[in-house]
Amino acid sequence: MASTPTFFKIWMPYLYQRIGVAGRKHAYLPLNRDYVPLGFRRQDGFVNYDETALRHAVYFSRDPSALKDVWWNQRDGSLWLYDDSTRSRLDYFERLERLMTRKMEMVA
């Protein structure tokens, strides 16, 4: 398995995990390669997605799974931008740009 550089592993979105947020239809939590919110590290301890969602959730105006040419993989409410293969990272930034130009609301 290829090693993931630390910056990329912690700060770049690996996947968007669908979460339940009252009153929001398309709520997702961007997670890093350690399956914790961006900027967190696995060794920081357990991260409760529901509590973290209040500050880190992304709300899409439409179902993001329908976005073309953005996701590397989709399964069970998870939308991946890359995996451990080199191939998945070759166009990562192009797909990320397509995602970031879509209408969505970031909660601060």
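This is a predicted model: local features need pLDDT of at least 70, side-chain atom pairs count only at pLDDT 80 or more; totals for chains, interfaces and linings use all residues.
View 1. Two partners are given here for its side chain. One is the side chain of aspartate 83, joined to that of serine 88 by a polar contact of 3.0 Å. The other is the backbone oxygen of serine 85, which the side chain of serine 88 reaches at 2.9 Å. With residues up to four places away in sequence left out, serine 88 touches Trp72, Leu81, Tyr82, Asp83 and Arg95.

**View 2. Tyrosine 35, a non-glycine residue with positive phi.** Tyrosine 35 sits in the loop that runs between strand 2 (27-31) and helix 2 (49-56). Its phi is about 60°. Tyrosine 35 has a relative accessible area of 33%; this lies between the 20% and 50% limits, so the residue is classed as partly exposed.

**View 3. Aspartate 69, with positive phi in a loop.** The loop between strand 3 (58-60) and strand 4 (73-75) holds aspartate 69. Phi of this residue, which is not a glycine, is positive and near 60°. Aspartate 69 is exposed because its relative accessible area, 57%, is over 50%.

Methods. Residues are numbered from 1 along each chain as its sequence is written. Side-chain values use heavy atoms; hydrogens and water are left out. A polar contact is a pair of N or O atoms within 3.5 Å; within protein, one must be able to donate a hydrogen and the other to accept it, and residues adjacent in sequence count only if both atoms are side-chain atoms. Contact means heavy atoms within 4.5 Å. Helices (H or I, at least four residues) and strands (E, at least two) are DSSP runs, numbered from the N terminus. Buried means under 20% relative accessible area, exposed over 50%, partly exposed in between (1.4 Å probe, protein chains only).
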